Structures are given as C-alpha cells and as structure tokens.
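Student: I'd like to learn how to read a structure like this one. Could you walk me through some features?

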Amino acid sequence: MRPEFISLIPLLPLGGALINILFGGRLSRRVSTGLAVVSVALAAFMVVAFWSYAAGGGTRVELYTWIEASGLRVPLVLLFDSLSASMALMVTGVSTLIHIYCLGYMSREKDYVRFFVLLNLFVFAMLVIVLAGDLLVLFLGWEGVGFCSYALIGFWYREGRNADAGQKAFVMTRAADVFLLIAMLWLFRIFGTFSIPDIMARTELIPAAAATPLVLLLLAGACGKSAQFPFMSWLPDAMAGPTPVSALIHAATMVTAGVYLLCRLFPLVMLSAQGMAAIALVGILTAGYAALCALAQDEIKRVLAYSTMSQVGYMFVALGAGTLSGAMFHLYTHAFFKSLLFLGAGCIVLLGGENNIFRMDRAARRNPLVFGTFLVGSLALAGAPLTSGFFSKDGILTTVFSRGSGLYELVWVLGSLTAFVTALYTFRLLYLVFGGKEKTRGEIPTLSFSMAVVLPFLAVAALFGGVINLPAIFGGNETLRHFLEGPDVIQGFVAHREEIILTALAVAVFAIGWLAAYGLFRRESALRDNMASRFFRSGFYIDQLLETLFQRPFRTLARFWDRATERQLFDGFFSGLGNMTFGGAKIVRRMQTGRLSTYLGSFAWGLLFLASFFLCCALGG
Amino acid sequence: MNELTFYPLLSLLIAIPLGGAFLCVLSRRSSGLCRWLALLSSGAVLVLAGSLFRLPDQTGWLLREDYAWIDTLGARFTLGLDGVSLLMVLLTALLIVMAVLVSWRTISEKTALYFSLLLALEAGLMGVFLALDLFLFYICWEIMLIPAVILIVVWGEEGSLPAVFKFIFFTIGGSLLMLLSIISLYYLHGEQTGVFSFSLEALRLTKLSGSLELWIYLGFLLAFAVKIPLVPLHIWLPDTYCKAPTAITLLLSGVLAKTGIYGLYRFAFQLCPEAAAKSFAWLSIVALVTVFYAAWTAFGQSDIKRLLAYSSVSHLGFIVFGLSVSNRTAMEGSFLQMFSHGITMGAFFALTAMIEERIGDTRMERLGGLWGRAPLWSFFFLVVALSSLGLPGLNNFVGEILILAGAFQSLPWLGAVAVPSILLAALYILRLVRHVLWGVSPAGLIWTDVGRREIFILVPFLILMVWVGCWPQTFLDPLQQVAGLPFFEGAVALKGGVLP
C-alpha cells in the first residue's frame with residue numbers, strides 16, 4: 001500500500017461524519033449509526049495494516065500545502081512513527097468499542113445523528129492530533145477535539161446546566177491554549193517552521209534561556225486539555241455529557257492529549273531540568289488533589305472524573321521524571337481500565353436508576369458481567385498486583401525514586417500516598433455501589449447486547465494490559481519501552497534489590513488502602529457530611545475561587561465598559577458637542593424643513609462647495 | 001503590465017451596478033421586477049469579478065485601465081486591480097448579491113429606490129477599491145456614503161436619525177481631513193515637478209519634510225480610522241449598526257469597514273511611507289486596544305446586532321494590528337483576513353436578518369433553544385460562530401495565525417500580548433451561542449426553519465468558510481505579489497524604516 005493512504009486513518013471517521021451531516025436525516029437509523037461504527041473500525045484496521053510503516057524513524061506523509069505565505073509554509077503532513085502509531089491504535093481501538101457501546105446506550109435517543117456525527121468528528125480530530133507532523137496541524141486537531149468535547153458535554157442542550165458545563169470546558173481549555181499558541185509562535189520564530197520532526201532534530205538551536213519558559217508554556221497548554229492544575233475544574237462538570245462520551249473523551253483519549261503533546265515534543269522538554277521538575281510537580285499536586293476530591297464525591301461519574309484527573313497527574317509525573325515510555329504505558333493502561341469503568345458506570349446508572357451512589361439502587365450486583373468487569377477495572381485503578389494499572393503506576397514511582405534528588409524524593413512520597421488514597425476511594429466506590437442494602441424499585445431494565453459485549457474486551461485489556469511493558473523482574477522485557485525509545489535505551493534505573501522492595505511497597509500500599517476502605521466504608525453514610533468532606537466534594541472550592549477572582553470581575557467590567565465608557569463617556573461627549581451647537585442650531589432652525597431630501601441635498605451641495613473651494617485654492621496656488 | 005486591456009473590464013465593474021441602478025429607477029412601478037433587476041446586475045458583477053481571478057505579474061497588477069478624464073485638473077480615470085483589490089472586489093460583489101437576497105422580502109416600500117441605492121453603493125465601493133487616482137478615489141469615497149446614509153434613514157429602525165447624524169458627523173469629519181491631505185499633496189507635487197496630477201504613483205514620489213508628511217499622513221489616517229473604526233473613533237458604530245436595516249449592517253461591517261483598512265494600506269502607507277513606519281509603534285497598540293476593548297464590551301451586550309457590531313470592531317482591530325507590525329507575513333494575513341472577516345460577518349448578519357424577519361427583534365432574551373426548533377438554521381449559526389472564534393479548518397483561523405506568526409516574528413512581546421484575543425472571542429461567541437441555540441425557548445416563540453431562498457444565501461458562505469479554512473492558497477496566491485508593497489518596503493528601508 002502506498003504510504004499516502006495513511007491519511008485514510010483520520011479521513012475515514014471524517015468521511016463518516018460528513019456523510020451523516022449531509023444525508024444522516026434521510027438514512028435509516030441502522031445505516032446511519034452503522035456507518036459511524038464501521039468508519040471508526042476501519043480506521044482501527046488501517047492502523048494495524050500500516051503498522052510496519054512505523055518502524056525505524058517512521059513515515060512522513062505530506063498531503064498538500066495547507067497555508068503558504070511569504071515566510072511561512074504549513075504542509076498538511078502526517079507522521080506515522082512508533083509513538084503516533086501506538087497511540088492511534090489505542091484511540092481507534094477504544095473508540096471502536098465505545099462506538100459499539102453507544103449503539104445500545106443511545107438506542108432511545110432521537111437526536112442520534114448529531115451524536116454520532118460529533119463522535120466521529122471527535123475521533124477524526126483526535127487522530128489529527130496523534131498523527132500530526134506539524135504543530136499547526138496538531139493545533140487543528142487540538143481545537144477540533146475541544147469543539148467536539150464542548151458539543152458533546154452539552155449534547156442534551158435543553159438542560160441549561162449541560163450547556164454551561166460544555167462552555168466551561170471550552171473556555172478553560174482555550175485559556176490554556178493561549179499559552180500553547182504562544183509556545184508554538186515562539187518555536188516558529190526560532191526555527192522558521194512548525195514542522196515537529198524538523199524542530200525536534202535541531203533542538204540545539206533553542207537558546208538556553210528560552211528552554212525553560214518554552215517548556216512551561218507547553219506545560220500550561222497541556223494542562224488545559226489534560227485537566228491539570230490550575231486548569232482542572234472543567235473536568236468534573238464535563239460529566240454532564242452522555243456516559244460513553246465521558247469514557248471516550250474525558251477518560252481515554254482527549255484528556256491524555258496534553259501528555260501526548262509533551263511526549264511528541266519530548267526532546268524539547270528534556271532541555272530544561274526546571275521545566276521537567278515543574279511538570280512533575282504539577283502532576284503530583286493534581287494527582288493528590290484529585291484523589292482527595294474523589295474520596296468525597298457522591299456521584300459515580302464524578303468519582304471517576306477526579307480519578308481520571310489524578311491518573312493523568314501520574315502521567316505528568318512520569319514525564320517530569322524523564323520516562324516517556326512510562327507515561328505512555330500508564331496512558332494506555334489507564335485508557336483501558338478507565339473507559340471500562342465509565343462504560344460499566346453507564347450500565348450501573350442504567351440499572352440503578354440514579355447517578356448518586358448513596359441513592360442508587362444496588363441492582364447492578366445481580367448482573368455478574370457488569371459487576372465482574374467493574375471489579376476488574378477498579379482493581380486495575382487501585383493498583384492491585386498483576387493488573388495493568390499496577391505495572392504502569394509502579395513503573396512510574398520506581399523511575400521517580402531512581403531520580404534521587406530532593407524534589408523527586410518528595411514527589412515519590414506524595415505519589416505513594418496518592419496511590420494509597422487511590423486504593424481508598426476505589427474501594428469506597430466499590431463498597432457503596434455494590435455493598436449495602438438493595439432497594440426494590442420494580443422492574444430493572446435489561447442491558448442491550450451492544451453495551452454488554454464490549455465490557456469483556458476492555459476487561460481483558462485492563463487485566464492483562466501490563467504485558468505490553470512487563471518489567472524484567474516479572475520476566476518481561478519492556479516491549480513498549482523498546483518500541484517507543486528505540487533498542488539502545490539506558491537499562492536499569494534502579495538496582496535489582498531496590499526494585500523488589502519498591503514493588504513490595506506498592507503491594508503493601510494497595511493492601512492498606514483496601515483494608516482502610518473496608519474499615520471506613522463498609523457501612524453507608526461514612527464520611528458523608530462534615531466540613532472536610534464538603535471541602536473535598538467541592539474540589540477545594542476552586543470553582544468559587546475562580547468565580548471571585550476572574551469571572552465576576554470580568555463580567556462587572558464588561559458591564560462597566562458598556563454602561564459607563566460606551567454610553568456615558570463616549571456618547572456623553574458626543575451629545576455635549578451636540579448641545580454646544582444647539583445654540584447655533586436655533587438660528588438656522590428655519591432651514592429645518594423636516595424633509596430628508598432637503599437635508600441630503602444641502603449636504604451634497606456643501607460637499608461640492610468644499611471640494612471646489614479647496615480645488616480653487618490649489619489651482620490658484 | 002497591460003495599460004489598457006481590450007475590454008474595459010474594471011470600468012464595467014462600476015458601470016454595471018450604475019446601469020442596474022438606473023434600470024431600477026426606470027422600472028419603479030413593479031417592485032418584483034426591481035428585485036430581479038438588482039439580483040441580475042449584482043449577479044453579473046459577481047460573475048465578472050470571479051472571472052478576473054488570476055495570478056498577478058511581477059508588478060503585482062492583474063489589470064489596469066487608464067483614461068483621460070478632467071485634463072484641467074490633471075485627474076485621470078485610472079483603475080487598477082491587484083491581489084488585495086481583487087479580494088475586496090470579490091467580497092463586495094458577493095455581499096451585494098447577498099444583501100439583495102436578504103432584503104428580498106423585508107423591503108416592501110419604495111423598493112425601486114432601495115435597490116437602486118444598493119447598486120449605487122456597489123458602484124461607489126468598486127470605485128474605492130479600484131481607483132488609483134486620488135481625485136477619483138475621493139469622489140467614490142463620498143459617493144459611497146450618500147446611498148448608505150439614505151438607506152439607513154429611510155429603511156432603518158425608528159429613531160435612526162441621531163445614529164445617522166453621528167455616522168455622518170464622524171465620517172464627514174474624517175473625509176474632510178483626508179481631502180485636506182489630498183489637496184496639499186496635489187499642490188506640493190505640482191509645485192515640485194510642474195505637473196499637476198492626482199495619480200497615486202506620481203504623488204507618492206513627492207518629497208515631503210518629516211513634519212509635513214506626518215500631518216498629511218494623519219489626515220488620511222483619521223479618515224480611515226473612523227471608517228474601520230479604531231477605538232475611540234467607534235462611537236458612531238454600535239447605534240448605526242443597530243438602527244440600519246440588517247442587509248445594510250451586513251454591508252457596513254462586511255465591506256464598508258474594509259474600505260478604511262484598504263485605504264490605509266493603499267493610500268496612507270504608500271503616500272507617506274516614512275510617517276507610516278513611524279506610526280506603527282502606536283498604531284499597533286491602538287489596534288490591540290481596539291481588539292481587547294471591543295471584545296470585552298461585546299461580552300456585555302444583550303442584543304445580537306450590538307454584540308456582533310462590537311465583535312466586528314474587535315476583529316477589524318486585529319486586521320489593522322497585522323498591518324502595523326511591519327512584517328510581510330502578518331500583512332498577507334491581514335489582507336486575507338479582510339476577506340475572511342467579510343465572509344463571517346456577512347453570514348452572521350444574514351442570520352441575524354433571518355431572526356429579525358421572524359420575530360422582529362434581535363434581543364437575546366427573546367431567543368433560546370433554537371437547535372430544537374430549527375436545526376438547519378442553528379447548524380449554520382454554529383458554524384459561523386465557530387469561524388468567528390477562529391476554529392482551525394475554518395476561514396478566520398488562517399488569517400489570524402498568519403498575523404500572529406508575523407507579529408511574533410517582528411515584535412515577540414506584542415505578538416504574545418495579542419494571543420489572548422482568541423480567548424476573548426471564544427467568551428463572547430460562546431455566550432451568544434449559549435443564549436441562542438441551547439437551553440429552552442422562551443414561551444410563545446414561533447420559529448420556522450430556513451426556506452429555500454435562505455439556504456441559497458447561507459450555503460455559499462459555508463462553502464467559502466471551509467474553502468478559505470482548508471485551501472486558503474486560492475486566496476493567498478494572488479497576495480504573493482501585491483502592487484505597491486515593494487515600493488512601500490523600499491521606501492521604508494531606504495529611510496531607515498523598521499521592516500525586516
């Protein structure tokens with residue numbers, strides 16, 4: 001196959017979306033939704049088919065010149081290498097499963113065409129981010145996923161709350177995009193191009209003083225999409241969208257775009273030690289913060305949202321510690337177990353009739369499939385030994401530990417504490433959702449086939465996903481790391497014995513977390529309502545803080561500009577001029593015939609007179 | 001450079017609308033005939049303008065025409081088309097057709113007069129964008145004003161007179177200053193060379209002392225800054241935009257504002273390059289103030305037309321910013337953005353006209369939840385909104401990124417300061433979308449989705465937005481050789497200017 005056909009990977013979902021935009025209303029439901037699913041599944045197939053092109057340095061495909069002006073040329077170029085190929089495989093794979101799930105989940109929705117169009121558009125934009133070989137092309141996808149996220153969070157737009165949540169997500173990520181755009185413009189100023197491979201090949205051109213600010217700007221941009229401090233508070237609200245959307249966009253793919261961006265530009269990131277320390281710090285602070293918040297949430301989806309934020313924080317920690325493959329490994333395992341948890345949560349809410357974990361019916365525990373798969377996902381999230389999440393999280397903490405210096409030691413301690421809190425909130429969720437008394441609620445709805453069928457696939461991935469990067473002490477050979485970082489990476493950050501101790505410690509943290517949760521949350525109403533839990537539940541009152549610091553002053557000033565400067569100052573000045581001439585106007589009142597034609601006529605004559613006056617002057621001179 | 005083409009195509013661009021206007025007046029008995037006459041003649045101009053699409057030669061000119069006119073004054077009928085004026089001519093031709101279609105049903109009184117004035121306005125606009133003789137330019141500049149004023153007064157909302165008075169006051173004030181500058185240049189040039197001429201290419205060789213050049217430049221600058229407008233010369237704008245019939249608002253924002261920017265580049269910069277280069281430092285700051293102030297004020301509006309008026313000012317400020325950062329990339333971005341902005345604002349006001357046609361009002365509180373009522377209309381509205389907030393893949397992004405990249409190239413700090421404007425645009429646009437499309441409709445809102453005529457208006461806008469967003473080369477290529485730019489760069493570099 002010609003390498004140009006790599007472009008089909010993003011174009012297939014786009015085509016699906018376009019066909020549904022144009023003809024979706026006229027096609028039957030089966031055809032229209034089927035088209036959406038098949039286009040994504042085909043894209044997944046294409047990634048596999050082109051897998052060999054990712055070997056070596058990868059393949060660059062230039063489609064056409066997007067923008068060309070003097071001094072600037074932006075080709076629409078795709079880069080299919082080990083990083084983008086593996087990410088594209090995850091994105092298309094998870095997307096396909098979630099699309100299938102949606103067939104059942106949205107089966108009663110009348111507006112399904114809009115839903116599947118947006119979902120397909122999202123996959124397209126996400127694949128553009130992944131495959132982009134040029135920063136501006138990446139930005140195209142970056143903003144595209146932002147829009148799709150906005151539209152899908154507010155999918156049920158009649159509810160004002162949903163539309164507001166979508167708007168909040170768009171605005172907060174856009175605020176972060178300002179920094180990303182400045183970083184991109186700066187890189188363009190240095191290199192004269194937006195091309196990612198060209199920039200990464202010549203990072204030595206970056207002045208030493210510019211490296212840290214550049215990394216910090218990129219970090220801020222990444223924090224917006226990835227819901228990291230201080231741009232994180234949109235993510236819990238984003239749960240207003242349909243649950244599969246949360247699974248796809250706000251767990252598996254889009255929120256990891258920030259991590260992916262930093263991985264894509266990793267040679268640049270590595271130039272600045274301070275920048276990497278900042279990345280690790282932002283990551284660990286967000287991870288700890290979000291884990292504490294997850295502890296006190298009373299809606300199942302909000303627990304998962306905060307847990308996503310927390311886990312993405314771990315990915316940032318990995319990047320800050322200098323391990324690209326560690327970040328990507330956790331990104332993949334997290335994508336598996338978190339989308340599994342969200343899809344499971346969709347089923348649980350459907351069966352339990354309620355999003356609130358205290359009020360919902362515990363009917364889900366009678367469905368072994370939902371219970372079993374949700375349990376698998378939870379274990380992986382909590383870092384139960386031998387699940388995928390265990391290997392990826394432990395790998396990150398081991399790398400951080402190996403860095404040794406003071407800051408990283410602190411990060412390691414906080415990371416281990418957060419791992420404990422993670423186990424705690426995960427088991428709290430499990431106990432509250434599946435334990436306790438069952439309230440009888442009449443008839444329990446049945447799950448459709450397409451919803452049930454995808455759960456086992458994701459469960460297998462969540463359980464055994466660790467094999468893609470099994471560390472040596474478990475008999476693996478770190479396949480993913482060699483695939484991403486090449487064959488000759490530095491081996492062994494830590495001594496063998498230390499590694500065994502660290503692993504044992506991770507097992508112990510998991511066990512203590514479980515035991516603590518067993519003691520605390522077996523019974524309902526524990527940690528329900530006191531000041532601390534209110535503080536955690538509200539996300540440390542960050543929203544209120546933002547409202548006071550930014551939103552209210554912004555709105556007040558907007559009104560001030562409109563009322564005071566526009567209407568009072570400027571208009572007042574003008575009517576003052578008018579009043580001054582009013583006296584003179586009395587004299588010429590007789591000329592005011594009230595007929596427009598008179599005014600316009602004299603206006604034209606006056607103009608002519610003035611013009612000829614000046615002309616005469618000029619000629620006379 | 002072809003001094004005289006076989007067919008006087010450029011003159012036809014002015015003559016066809018004038019002829020159409022004349023025919024409209026003749027057939028004033030039948031308003032239906034007038035509509036079709038207006039549509040036909042404006043459509044013919046659009047076809048003609050489209051057929052002029054080609055790449056420029058070394059000098060940057062696509063076409064030129066030159067006829068003797070008023071020999072005693074030394075004024076000639078000189079027209080020229082380069083990449084920039086090509087885009088402006090195309091935009092004018094397109095938006096006039098759209099304005100005719102938008103007013104198809106809403107104008108029922110004095111139809112003949114309305115459409116003939118609309119066509120007269122088109123003739124004036126074409127003259128402004130094509131004239132290379134300052135006398136001709138000034139005449140067209142003023143001619144353009146008269147139909148606009150009458151259109152606003154007669155067909156505008158009630159109480160439009162104070163707004164129009166402001167409009168006239170500011171515009172005439174600016175024009176007179178420009179007239180002074182033109183006369184002085186004419187006189188000085190005549191004195192220096194013995195040849196009295198209004199030709200742009202002759203006058204720009206006039207030797208001027210520093211302070212005199214500055215005064216002449218200021219005369220031009222003020223006239224154009226009022227028209228664009230730059231803060232604080234925008235006082236006339238919100239009321240005028242709100243009171244004017246929406247089809248005219250469409251033209252005011254889509255095309256008339258561009259005459260200011262076009263004039264700035266074509267005349268003010270070319271005639272006084274040194275003063276222009278000196279002014280860039282503060283012109284770019286004024287432009288940025290305009291961008292942020294207008295965007296922020298737009299956020300506080302409760303009327304769609306008013307919000308769009310401020311949004312338009314904000315985006316226009318950004319275009320002026322691109323012209324004043326002394327960078328070629330940013331300049332090309334600005335030229336493209338002049339076209340893009342016309343498309344987006346044209347579509348926005350066309351959509352607003354449809355609101356007005358249905359509920360006779362454009363206050364946001366009267367609307368809401370329209371996605372459920374009129375999905376097709378809402379779809380167009382959403383796309384135009386996304387284009388306006390600069391979503392990549394749609395038209396505005398391309399110009400914006402060129403301007404930002406160029407600005408950052410020459411003046412990194414100023415470029416960085418300009419970037420948050422993308423956030424402000426998102427804030428007020430999303431607020432607009434939230435109020436119009438999402439939520440629930442207020443009780444008693446009756447709304448029918450778009451009809452065939454309206455789809456016919458909106459689809460070309462949509463196509464152009466995607467076209468410019470995904471294949472901007474069609475429109476950027478004619479800008480690679482822009483007439484006068486080498487001269488401007490040369491003059492500035494010669495005098496120790498700041499262009500890189």
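Student: Which residues make the nonpolar surface patch of about 440 Å²?

Tutor: Keep in mind that this is a predicted model. The patch is made by A:Leu18, A:Ile19, A:Ile21, A:Leu22 and A:Phe23. One of them, A:Leu22, belongs to helix H1 of chain A, residues 8-23.

Student: Is A:Leu22 buried or exposed?

Tutor: Here you compare the relative accessible area with a cut-off: over 50% is exposed. A:Leu22 has 57% relative accessibility, so A:Leu22 counts as exposed.

Student: And how do residues on a helix end up facing one way?

Tutor: An α-helix has 3.6 residues a turn, so residues three or four places apart point the same way.

Student: What span should the 33 residues of helix H6 of chain B have?

Tutor: Count 1.5 Å a residue, and helix H6 of chain B (residues 161-193) should span 48 Å. Its end C-alpha atoms are 47 Å apart, which agrees. Just after H6(B) comes B:Gly194, with a positive phi of about 80 degrees.

Student: Let's move on to rings. How many aromatic pairs are there over all chains?

Tutor: Ring centres within 6.5 Å make a pair, and the count over all chains comes to 64. Take B:Tyr186 and B:Phe198: their centres are 4.0 Å apart with 5 degrees between the planes, and the pair is stacked.

Student: Which parts of chain B does that pair tie together?

Tutor: B:Tyr186 lies in helix H6 of chain B, while B:Phe198 is in the loop between H6 and helix H7 (200-203), so the pair ties together parts that are twelve residues apart in sequence. As for cover, under 20% relative accessible area is buried. B:Tyr186, at 0%, counts as buried, and B:Phe198 counts as buried at 2%.

Student: What about B:Trp467 and B:Phe475: why is that pair edge-to-face?

Tutor: Planes over 60 degrees apart get that name. These planes are at 65 degrees, with the ring centres 5.3 Å apart, so the pair is edge-to-face. B:Trp467 is partly exposed at 35%, whereas B:Phe475 is buried at 3%.

Student: Which residues form one aromatic cluster with B:Tyr186?

Tutor: That cluster also takes in B:Tyr67, B:Trp69, B:Phe77, B:Phe135, B:Phe196 and B:Phe198.

Student: Where do charged side chains meet rings?

Tutor: Look for a charged end over a ring face. A:Arg29 lies over the face of A:Tyr112, 4.2 Å from the ring centre. In chain B, the charged end of B:Arg431 sits over the ring of B:Phe299, 5.4 Å from its centre.

Definitions and conventions
Residues numbered from 1 in each chain as written. Chains lettered and ligands numbered in written order. Predicted model: local features only at pLDDT ≥ 70, side-chain atom pairs only at ≥ 80, totals over all residues. Heavy atoms only, no water. Helix = DSSP H or I, 4+ residues; strand = E, 2+ residues; numbered from the N terminus. Expected span 1.5 Å × (residues − 1). Phe/Tyr/Trp six-rings, centres within 6.5 Å; stacked < 30°, edge-to-face > 60°. Buried < 20%, exposed > 50% of the residue type's maximum accessible area, 1.4 Å probe, protein only. Lys NZ or Arg CZ within 6 Å of the ring centre and 35° of its normal. Patch = residues over 30% accessible without salt bridge, like charges linked within 9 Å, V, L, I, M, F, W, Y side chains within 5 Å. Areas by Shrake-Rupley, 256 points an atom, 1.4 Å probe, with all protein chains shown as cover. Salt bridge = Lys/Arg side-chain N within 4 Å of Asp/Glu carboxyl O.
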